Amino acid sequence: MTIPPIDGTVTATAASGETAKRRHIVVRLLQDPVAICCIFVLLLLTAASVLAPFLTDQDPIKSSLAETLAPMSQQHPLGADGVGRDVVARLLYGGQTSLAAACVAVLVAFAVGVPAGLFGGYYRGRADAILAWASNFIMAVPAIIILLVVMAAVSQSTYVAMAVLGLIVSPSVYRLVRASVVSVREELFVDAAKVSGLSDARIMRRHILPVVQAPSIIQAAQIFGVSIGIQAGIAFLGLGSPTEASWGAMLNDAFANIYSAPLLLLWPALIICMTTASLALLANSLRDSLSGSRRRPTRHSDRVRDGAPSSEGSAAGDFAEVADDVLLAVDNLKVDYPVDGGRRTVVDGVSLTVRRGQVLGLVGESGSGKSQTAFSLLGLLPPEARVSAGRLLFDGAEMKGLGRSAMNRLRGKRIAYVPQEPMSNLDPSFTIGSQLAEPVRQHMKVSAKEAKALLLGLLERVGINDPARVYSSYPHQISGGMAQRVLIAGAISCDPDLLIADEPTTALDVTVQAEILDLIRSLQAERNMGVILVTHDFGVVADICDRVAVMHTGKIVETASVKELFSAPQDAYTRMLLSSTLEDATPRSPLKSMPKLPKRAQTA
Amino acid sequence: MAVFLIRRLLAGILLVILVASATYILLNYTGSDVARNIVGETATPEQALAKAAELGLDRPLGARYFDWLGTTLSGDLGKSWFNNVPVSTTLFNGLPVTLSIIFGALILSALVSVILGSLAAVRAGWFDKTVQASAVLADSIPGFLVALVLAMVVAVNLGWLPATGFVPFQRSAVEWLRSITLPSVALAFGATAATTLQLRGSMLDVLKLDYVRTLRSRGLSDRRIVFKHVLRNAAPPAVTVLSLQFIGLVGGAVIVEKVFGLRGIGSIATSAAVQGDAPVVLGVVIVMVLIVVVVNLIADLAYGWLNPKVRAE
Amino acid sequence: MIASVEVPAESHNGSDGPLLSIENVTVQYPSKKWRSPDFLALKGVSLDIRAGETVGLVGESGSGKTTLGRAVLGLAPVTTGLIRYDGQVISAMNRNQRRSLSDEIQVVFQDPYTSLNPALTVLDILTEPLLTAGTRRAEAEQRVKDLLEQVHLPRDASNRLPREFSGGQRQRIAIARALCRDPRLIVCDEPVSALDLSNQSRVLDLFIEIQERTGVSYLFVTHDLSVVRYISHRVAVMYKGEIIETGDAAKVTTQPKEAYTQKLLLAAPVPDPARQASRRAARQKFSAKLHVAGPFENPAS
């Protein structure tokens, strides 16, 4: 196979880390049996074509009427074609033409597409607009038609045709390269490189080209396959040069004799399919090895498994036996994920209790398992997660083992969720009204009209001035703060008993955060809801929570009332966290004396 | 949106003119021996020259080009150099055949790819693996080889469907459908595979998004989430891929028509190109690019309908 | 709105003027949509930074604080106004002239996940600016060892990839990269916002420690008043593309003059239930008062 030109430009100067990473991909590729088979087939075909003169003494071009449609024999292992040419010789020599011409197409496509993509993507502006325009034009014309015209008017040569095909498909290379460049040049590390004084050429070579490389190799394999197919197509139409043996020309001849010698069709068709399929599968394997492990887990299961109840006094969490005002009681909750050769536990024996009208803060740093705990209660973890619990009582009833439809009757209706990032949690394709009304109609069994009336009232309640306009707006038409109000309105729309809010104010500005916290507090009081509030911010905890559970590496290290926690934290980790808050640190005093610095040369 | 569509329409018209002009120049600049081809091998050089003069081939290229551009823009595509039949008549006869099979293939690809793509995205495991592997393979195999196999097996060996020929819709709807089934299926193969892979990929991407989790948190059923919300959001990139594949369908029709012995504009183009019949080739080029422009415009409309952000602009 | 506030460039100990002076800078982005007005990210901003000083730039999203930092770095186009560094006008420089400033002005970005090229080792990331400047490789590698020590990272860090480090450690790598060429000014764009609480204070301490040792100046962009109070000598508050208040950090972050700054301060929750309750009450009273007067619109509605 051919190595696209782009490859060589980087390797010479590539950093050690980069080469290490690339070798890694090759190694991974070589562990894939499909990829190995494909490479083997392609190498074999190439070798057979190159060595054609040594493998057969038959002439692939010269016709011999005496041997028209000769059957298989010692002299013609696969017989002879409609004008008496040896099939094996034509397959082998045809491979030379087909493979070399496909190389021409790939080379031309890359020679045109890569510089255009790098240039257009990096500098943008007018040149980029013109390039984009030109590429759209070229892509809108069926390739076969252009090739028909070119072959009729200019040259019958397969190589010329493939060079033209290379031009025709170069927009796909241009687009790919440009897209990669655009995405990389927006990265902060490219900005950092600019500030570090790197020249554009160096930024291109060190930071941008390596990103383009791998997708380019995939693209090359695809273009190679396409050119083999198109080549065969035009030769099949009878437009190829009669002096060149090619797989397509063999098809054309075989098609003419389809009723008398159908087998003639088989050999070129088989070899073309083998080539294009190997290329496609190889490209696919490459893509997989690039995107890392791709295996998706099986179906979603919302079911919480049986787990052991926590042993006496083992955890710092609290699990209260059913009492009248206990809304949620969790005992020994565990969440783990499969990792290479084992499972990683992210929630490790959490026990907690939420009473009606109580706000429980679940606080911890990133990776503490606080969000995982919240999602597991809603059955919203990714399917590969395994959740188990000793007991999981919601309003006195066991939630463990509930199937999806049973969970769906609870979710949204009795347990509601407020997410962290308001904008990404609204479906951009539907109006706010339509996506809020959907669960209301399902859970409350009301008409569209009633649902709308209810929701307009709620939107007003959460502080939206013009509910009717927001109701018929799409998510991109409203601000982040308003989106969070909309999500809160959605969460309380079916009058839930428990609200689980996952960092509901982290993505918001501090002034908006204060308003949203006020809103959650007043709604909670007015509806006597239980709330689990996941946060990393002790200020938010102090503002809104009644009780606090502090999480660290999957475990609850301390549970206390908010007053006790701040005045007398028991656990060392809690104390460390509280002492890290900057709120009470002394302000830095104004700059007193100027440090004496070496004066640098000035060029004012 | 309206401004955008008008701009796309103008760009499309410009594209037709540019492509046709390039084709004209290519055909006329190099096709020097056309007159000799027309009058035949036995004619005298004088006869050939006379024919060339009759077709205006002795005039300078620039002058001929502008004459041609003028008449073409007025809607007159001229007459064939070989049989004097007006090009528009030839195209008019061939268009129903080609339109039937390419739109048949388009509808087939859209339907099958939505079904296979969304099922593969939702069902992990063997079904997904099978769809993925067969789509990768189907995409890689040249469509006309599929056509050859279908013609051999389904039509010739099994005799279920006709191997060659086209029956106009007006004569018999059933026979029309039977006559375009195999060509459409063969043509749809690659486009279906590519669109299925795209739809599967973009649905998997959408399934990972935050709002899907939020929809689940509201107790909506999986079927509703997947087929209403996820499919809708994953559709735009698939529409783009399908509209790009359509361009391939138009080109692929040229070859598939030969396999099934259909007299569509593809086979008209092939024989005209081999002969060097410039007016006919030009006519086909113009019509094919026009079809692509119209379908791309429809795809733009669909894209805007699916994507409220685009619609607003 | 309030007109841009003049920042007095007080003369200290006979120093000759500020290290960086931003004079009435406007940054305008052409609108992407057809025929809609251009977007004014900065509307005539003026600010000085002296040698060895930290100026905190605080504001909410969309206030233009990040744009101002990027304008100083030459990553955002200055439409009108001047930015002077050490007396030299740098706002009109092209990319090539700008490269000569790379050993004077450096940057630490917010997101330590995207500001380091994931494909390069720490050694490559840190030697890159040095090799660009023409330092010999052996010398550059020695320098990297010193730098890693300065930012308290293990010595063996240099052969590892960024993804092998935690957020706080990555931010230390980014700081080391900024320090490579001994700059006199570092623009810090929300450098601790993505970090966990316990890492935040450690990284801020590192910034202060470096400043005390090298006398570098910081333009410290953040949305967090408590961070700005901790690290800054002086603070500038931005709102909708303008600086509305400047002054000593202690003063601005505890007893602000402007209504907007007061609102900002009252909105930040205190990690103490009793004090937060009284702050909340004060905020609600304050916003009720503002609602009547209405000096600025509520960003949420």
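This is a predicted model: local features need pLDDT of at least 70, side-chain atom pairs count only at pLDDT 80 or more; totals for chains, interfaces and linings use all residues.
Trainee: Which secondary structure elements does chain B have?

Mentor: Helices (H or I, at least four residues) and strands (E, at least two) are DSSP runs, numbered from the N terminus. Chain B has 13 helices and zero strands. Its C-alpha atoms fill a box of roughly 85 × 55 × 35 Å along the principal axes. Chain A, by contrast, contains 22 helices and twelve strands.

Trainee: What percentage of the residues in chain B count as buried?

Mentor: Buried means under 20% relative accessible area, exposed over 50%, and partly exposed in between (1.4 Å probe, protein chains only). In chain B, 52% of the 313 residues are buried. In chain A the figure is 57% of 604 residues.

Trainee: What share of the contacts in chain B comes from residues 24 or more positions apart?

Mentor: A contact is a pair with heavy atoms within 4.5 Å. Taking contacts in chain B with a separation of 6 or more, 74% are between residues 24 or more positions apart. In chain A, 72% of the contacts between residues at least 6 apart join residues at least 24 apart.

Trainee: Where is A:Pro496, and what does it touch?

Mentor: A:Pro496 sits in the loop between α18 (480-492) and β9 (498-502) of chain A. It counts as buried because its relative accessibility is 3%. Not counting residues up to four places away in sequence, A:Pro496 touches A:Lys413, A:Arg414, A:Ile415, A:Ala416, A:Ala491 and A:Met529.

Trainee: How many residues has the largest nonpolar core?

Mentor: In soluble globular proteins, nonpolar side chains tend to be buried together. A nonpolar core is a set of buried Ala, Val, Leu, Ile, Met, Phe, Trp, Tyr and Cys residues joined through side-chain atoms within 4.5 Å. The largest one here has 148 residues, and those with the most contacts inside it are A:Leu148, A:Ile208, A:Leu251, B:Leu148, B:Phe260 and B:Val284. Helix α10 (residues 200-236) of chain A gives the largest share, 15 residues. Another core, of 55 residues, lies apart from it and includes A:Leu426 and A:Leu508. As for B:Phe260, its contacts beyond four places in sequence include B:Ala147, B:Leu182 and B:Pro183.

Trainee: Which residues form a nonpolar patch on the surface?

Mentor: Patches are made of residues with over 30% relative accessible area and no salt bridge; like charges are joined within 9 Å, and nonpolar side chains (Val, Leu, Ile, Met, Phe, Trp, Tyr) within 5 Å. A salt bridge is a side-chain nitrogen of Lys or Arg within 4 Å of a carboxyl oxygen of Asp or Glu. A:Met72, A:Leu263, A:Leu266, A:Leu270 and A:Met274 form such a patch, with about 440 Å² of accessible area together. A:Leu263 belongs to helix α12 (residues 263-290) of chain A, and its 45% relative accessibility is why it counts as partly exposed.

Trainee: How much area is buried between chain C and chain A?

Mentor: Buried area is the accessible area (1.4 Å probe) that two parts lose on being put together, summed over both. Between chain C and chain A this is about 6800 Å², with 54% from carbon and sulfur atoms. On the chain C side, C:Arg95, C:Leu197 and C:Pro271 lose the most area to chain A, together 10% of what that side buries. The contact joins 85 residues of chain C to 69 residues of chain A.

Trainee: How many salt bridges cross that interface?

Mentor: The rule finds seven between chain C and chain A. A:Glu583 forms a salt bridge with C:Arg279, with the closest N and O atoms 3.6 Å apart.

Notes
Residues are numbered from 1 along each chain as its sequence is written. Chains are lettered from A and ligands numbered from 1 in the order in which they are written. Side-chain values use heavy atoms; hydrogens and water are left out. Accessible areas come from the Shrake-Rupley method with a 1.4 Å probe; for residues, only the protein chains shown count as cover.
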